[in-house]
Amino acid sequence: MRIFVLCLLLAGICWQNSFAQNCDYSIDGRILDLRSKEGLAFVSVEIKGTEKGVVSDEDGNFSFQQLCEKEYDLVFSSLGYKSITHHHDFHHEFVEIYLAPDTFALESVVIEAEAART
């Protein structure tokens, strides 16, 4: 009976380990300004559909560690730049993202003045 229970216990452990996720994946990259090619600091990088996110360092570098899936959609956003979504798979070791400045066109400008009283 003890051997039977031991076999069931070992089978259960093996079965459980076969469904355990491999969370050894990582994503490393750098975010650059499209025009100047300089690293962009403080860019928000989020993994779409999750609560995981990081902010790029002063040189534009970012990193995600202990990821379980092989593919993710990354969302890059920063004030003054157009936000983009990049599909990343683990066939590429290092991600290099170029953000384009976001330009605003004004429809009109209103200047008001009053005559000086003497």
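Tutor: Before we start, contact means heavy atoms within 4.5 Å. This is a predicted model, where local features need pLDDT of at least 70, side-chain atom pairs count only at pLDDT 80 or more, and totals for chains, interfaces and linings use all residues. Residues are numbered from 1 along each chain as its sequence is written, and side-chain values use heavy atoms, with hydrogens and water left out.

Student: Ok, Asp 89. Which residues is it in contact with, leaving aside neighbours within four places in sequence?

Tutor: Lys 70 and Glu 71.

Student: And how far away is the nearest side chain of opposite charge?

Tutor: That side chain belongs to Lys 70 and is 10 Å away. Lys and Arg count as positive, Asp and Glu as negative, while His and the chain ends are not counted.

Student: What does its side chain have around it, then?

Tutor: A polar atom of the Asp 89 side chain lies 3.0 Å from the backbone nitrogen of His 91. The side chain of His 92 is 3.1 Å from that of Asp 89, a polar contact. That term means N or O atoms within 3.5 Å; within protein, one must be able to donate a hydrogen and the other to accept it, and residues adjacent in sequence count only if both atoms are side-chain atoms.

Student: New topic. Is Gly 29 buried or exposed?

Tutor: Gly 29 counts as buried because its relative accessibility is 2%. Buried means under 20% relative accessible area, exposed over 50%, partly exposed in between (1.4 Å probe, protein chains only).

Student: How far is Gly 29 from Phe 62?

Tutor: They are 33 residues apart in sequence, and 5.5 Å apart in space, C-alpha to C-alpha.

Terms used:
Salt bridge = Lys/Arg side-chain N within 4 Å of Asp/Glu carboxyl O.
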